[in-house]
Amino acid sequence: MNPTTQELRGLTPLDYHLAVIDHLRTHEPEVWRWAAARTSHAEQRESLRTALLRNTYRIDQAAHPEIHATLDLARQRLGLNVEVPATLYQSAGTEMNASLVFVPGEVHLIVQGDLLARLSEQELLAVFGHELAHYVLWSQEEGAFLRAERILSDASAAPGAAASFSETWRRYALHTELFADHGAAIACGSPDPAISSLVKLNTGIRQVDAAAYLRQAAEVDAQQTGASEAASHPEVFMRARALQLWWEGSEELGPWLQQRLQGPLALRGLDLPGQHRLQGMTRGFLAHFFAGTELLSETVKAQIQLMFPDWHQDEPAVTPQAFAPEHADEPVRHYLTALMLDLALADPDQQEPVLLRAGVIAQALATLDHLHQLLKREAGFGKRELDRYKRQLAKEAAA
């Protein structure tokens, strides 16, 4: 079947793409402008073409009209201008694969291994649709999505680069592959050839039942609920499941992507949007900590403003429920617990009531044992002081 206008509108960047671009534009404006100024010069393009011709076999349209007819159909269904020149290449190597070398205004698509011989016409259409979807994404908004990818790639490769850049680049790549899978399904008018081609390329099997693999993917998905740890391409079962949910227009897709490609906030695995999100949640957590109390002395407020100079007590509160295990990992909750202790120790005149408040909140965070450990290690509490604190906290909780 031919894809409908509604399906074509579905080939839009994912929420994560938009979040990363918004973060870079807002928080790294100079880098964003610098990356925008980078251009692909004519001599660089010619050098690229020469390298491709030197190391591949060019699949000419006159000699291989049926392959080019499939490519043209994929271009048409993805809304690409058929006047844009498209060149196909066969590279060396035994592993089946396909890739796109991006040049604005030109399509350069490379296939490898026995891909052309092993895939059905519909599966080849899906592969072409997948690669062309990369071109569609990188051409949108004056190349903003390609610009973001290059910034993240360069930042990750820089000496001493923060882990957050590498993690953002990894997640960005995972979402880009799911976007490209949408292009595969649109090119075919069905997700089935996209799924069967994925399985063939990853396993080498000659025949694939897409419906059977979707059942298999749903089974694995139900058993394993963690986020993908893949470097650039999500696991095949995830890609199949994501494509099915997207094609069906399921309301589960957004939460599923959050769970499967990002997971809960993890202190040691934060990406750039996650850092910004945790910063905002920390501000709200502090507002909740002091809400309805008279514990915010000038000394304690000064301690907070060392971290957030513009913090104010009436910020939107974020309760401990926002840091439940399905939303944040244990190190995040331990970080909040340590933060409460720092505030309690900042003002000796307020130490006891602030510590009691910290204990109440730590109970809601399920980190009271960790707070007890911190009291011994950081505040010098001995057994007598700690037992006294526990008794006071029990009275406070009862009250």
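Predicted model: local features only at pLDDT ≥ 70, side-chain atom pairs only at ≥ 80, totals over all residues.
Leaving out residues up to four places away in sequence, the residues D181 touches are H130, L198, R239 and L243. There's also L137, which is 44 residues away from D181 along the chain, and the two C-alpha atoms are 12 Å apart.

Helix α7 covers residues 121-139 and helix α9 covers residues 163-188, and their axes come within 7 Å of each other. The crossing angle is roughly 130°, which makes α7 oblique to α9. As for handedness, α7 goes past α9 in a right-handed crossing. Who's making the contact? On the α7 side we have Q122, L125, A126, G129, H130, A133, H134, V136 and L137. On the α9 side they are T176, E177, F179, A180, D181, G183, A184, A187 and C188. Sorted by class, the α7 and α9 contact has ten nonpolar residues, six polar ones and two charged ones.

If you look at those lists, the spacing is worth a thought. An α-helix has 3.6 residues a turn, so residues three or four places apart point the same way.

Next, helix α14, residues 272-290, which I'd like to look at with two partners. Take α16 to begin with: the axes of α14 and α16 come within 12 Å and cross at roughly 50°, so these two are oblique to each other. Again, α14 passes α16 in a right-handed crossing. From α14, the residues involved are L278, T282, F285, L286, F289 and F290, and they meet V332, Y335, L336, L339, M340 and L343 in α16. What classes do those residues fall into? Eleven are nonpolar, one is polar, and none are charged.

The other partner is α17. Here the axes of α14 and α17 come within 10 Å, crossing at roughly 120°, and therefore this pair is oblique as well. The crossing of α14 past α17 is right-handed. F285, H288 and F289 make the contact from α14, and V354, R357, A358, I361 and L365 make it from α17. By class, that's six nonpolar, one polar and one charged. Note that F285 and F289 of α14 turn up in the contact with α16 and in the contact with α17.

Staying in that region, let's turn to helix α18, residues 368-377. Its buried residues are L368, H370, L371, H372, L374 and L375. And what covers them? Among the elements doing so are α16 (330-346) and α17 (351-365), along with α19 (383-398).

Last stop, helix α5, residues 65-77. With 13 residues at 1.5 Å a residue, α5 should span 18 Å, and its end C-alpha atoms are 18 Å apart, which agrees. Which residues of α5 are buried? That would be I67, H68, T70, L71, A74, R75 and R77. Just after α5 comes G79, with a positive phi of about 75°.

Terms used: Residues numbered from 1 in each chain as written. Heavy atoms only, no water. Axes fitted to C-alpha atoms, helices over the stretch in contact; angles between N-to-C directions. Helix = DSSP H or I, 4+ residues; strand = E, 2+ residues; numbered from the N terminus. Parallel < 35°, antiparallel > 145°, perpendicular 65-115°, else oblique. Left-handed = near helix turned anticlockwise from the far one by under 90°. Contact = heavy atoms within 4.5 Å. Nonpolar A, V, L, I, M, F, W, Y, C, P; charged D, E, K, R; others polar. Expected span 1.5 Å × (residues − 1). Buried < 20%, exposed > 50% of the residue type's maximum accessible area, 1.4 Å probe, protein only.
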